[in-house]
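Please read this report beside the sequence and the three-dimensional view, and look up each part as it is named.

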Number of protein chains: 2
Amino acid sequence: MEKCDSKYCSCLQFSANALSRVMTKISDEEFAITGMSSSYAFLLMTVNEKPGVQPKEISQQMMLTPSTVTRLIEKMEYRGFLERKHVGRTTEVYPTPKSLDLHPKIQEAWRNLYARYAELLGKENADKLTADIYEAARTLE
Amino acid sequence: MEKCDSKYCSCLQFSANALSRVMTKISDEEFAITGMSSSYAFLLMTVNEKPGVQPKEISQQMMLTPSTVTRLIEKMEYRGFLERKHVGRTTEVYPTPKSLDLHPKIQEAWRNLYARYAELLGKENADKLTADIYEAARTLE
DNA sequence: TTTTCTTGTTTGTACATACAACTAATTGTG
DNA sequence: CACAATTAGTTGTATGTACAAACAAGAAAA
């Protein structure tokens, strides 16, 4: 169609990976003010907003495998942001005051991230792209 | 806009990651017939089609960092698909017969991958999404 | 010509994520 | 009720990728 310096750019797998890597980089820059990368920040947000939430629900919301979620929680527990309480076969995850304190900063970083890519891509365009990508991810899942 | 079971789905970073993971999974399934995952297959394609190509160019085409490309090449060299020839400060990468033999299989896998997601997303839709994503990745880079 | 700068590549290390196998708790069934 | 099946979570291990630092070759400057 138009100029394209890689013959792979017509492959969704390739493009999706490329965008993911670029976004992760930008994200990490914006979330630096929180002292952690965006996955951890998303995790804290989730737990802050629903204390006692279970890993299973987190894994669904974040679209990550349970094992990955366990790993994320472990690290945040180690760093003093989260606590686990085992209840029967389930686990409840709670934020510590440290995590709640950080909440505003996380939200700020999130807003900054949005502002940054929205400016580069155009707000309309960015929102549409995000929605389209999300829908595709859901369809292919 | 419409129903959305995660509050993060409006975040490009989040959606892009999700799509990337889903696509990687599908890709790995399709590329299984080649005995390697898609990144390696893309690498072999690149080298097969331009024997002697340098890591720098590969890294640009694949949108990966040079260190990542070194790692990919190393592994393919170890498995007997590629050979490196050091020329001055640069490196030339050549395919072995084993890699050239595999070329058709790789292309087949690539076609199958395309067929698979094109069917699920719709051909038009898939192509447009791919182009949009690639463009966004370029813009944000 | 010697020194400094730049560029291409590699190496050490780290991180996010996944899968497969496992444990433990609950639910369903004979 | 006891045993099988399911479900929630965790652990061992592996993979793809990156950054920062090191290295080595060539180019530019002194």
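How many residues of chain A are in contact with chain B? There are 39 residues of chain A in contact with 39 residues of chain B, where two residues are in contact if their C-beta atoms, placed from the backbone, lie within 7 Å. On the side of chain A that touches chain B, two or more residues each come from helix H1 (12-31), helix H2 (38-49), helix H5 (97-121) and helix H6 (123-140) of chain A; helices (H or I, at least four residues) and strands (E, at least two) are DSSP runs, numbered from the N terminus. H1(A) gives the most to this side, with 14 residues. By class, the side of chain A that touches chain B holds 25 nonpolar, twelve polar and two charged residues, with Ala, Val, Leu, Ile, Met, Phe, Trp, Tyr, Cys and Pro counted as nonpolar, Asp, Glu, Lys and Arg as charged, and the others, Gly among them, as polar.

This is a predicted model, in which local features need pLDDT of at least 70 and side-chain atom pairs count only at pLDDT 80 or more, while totals for chains, interfaces and linings use all residues. Residues are numbered from 1 along each chain as its sequence is written, and chains are lettered from A and ligands numbered from 1 in the order in which they are written.

Chain A has six helices and two strands, which follow the pattern α-α-α-α-β-β-α-α along the sequence. Its C-alpha trace spans about 55 × 30 × 25 Å along its principal axes. Of the 141 residues of chain A, 41% count as buried, that is, 20 or more other C-beta atoms lie within 10 Å of their own, whereas a residue with 12 or fewer is exposed and one in between is partly exposed.

For the surface near DNA strand C, the largest share, four residues, comes from H4(B).

Within chain B, helix H1 (residues 12-31) and helix H5 (residues 97-121) pack at an angle of about 135 degrees, with their axes 9 Å apart. H1(B) and H5(B) are therefore oblique to each other, since angles under 35 degrees count as roughly parallel, over 145 as roughly antiparallel, 65 to 115 as roughly perpendicular and the rest as oblique. On the H1(B) side the contact is made by B:Ile26, B:Ser27, B:Glu30 and B:Phe31, and on the H5(B) side by B:Ala109, B:Asn112, B:Leu113, B:Arg116 and B:Tyr117. These residues divide into five nonpolar, two polar and two charged.

Is B:Gly80 buried or exposed? B:Gly80, placed in the loop between H4 and strand S1 (82-87) of chain B, counts as exposed because it has 11 C-beta neighbours inside 10 Å. Leaving aside its neighbours within four places in sequence, B:Gly80 is in contact with B:Thr96 and B:Lys98.

Terms used: Axes fitted to C-alpha atoms, helices over the stretch in contact; angles between N-to-C directions.
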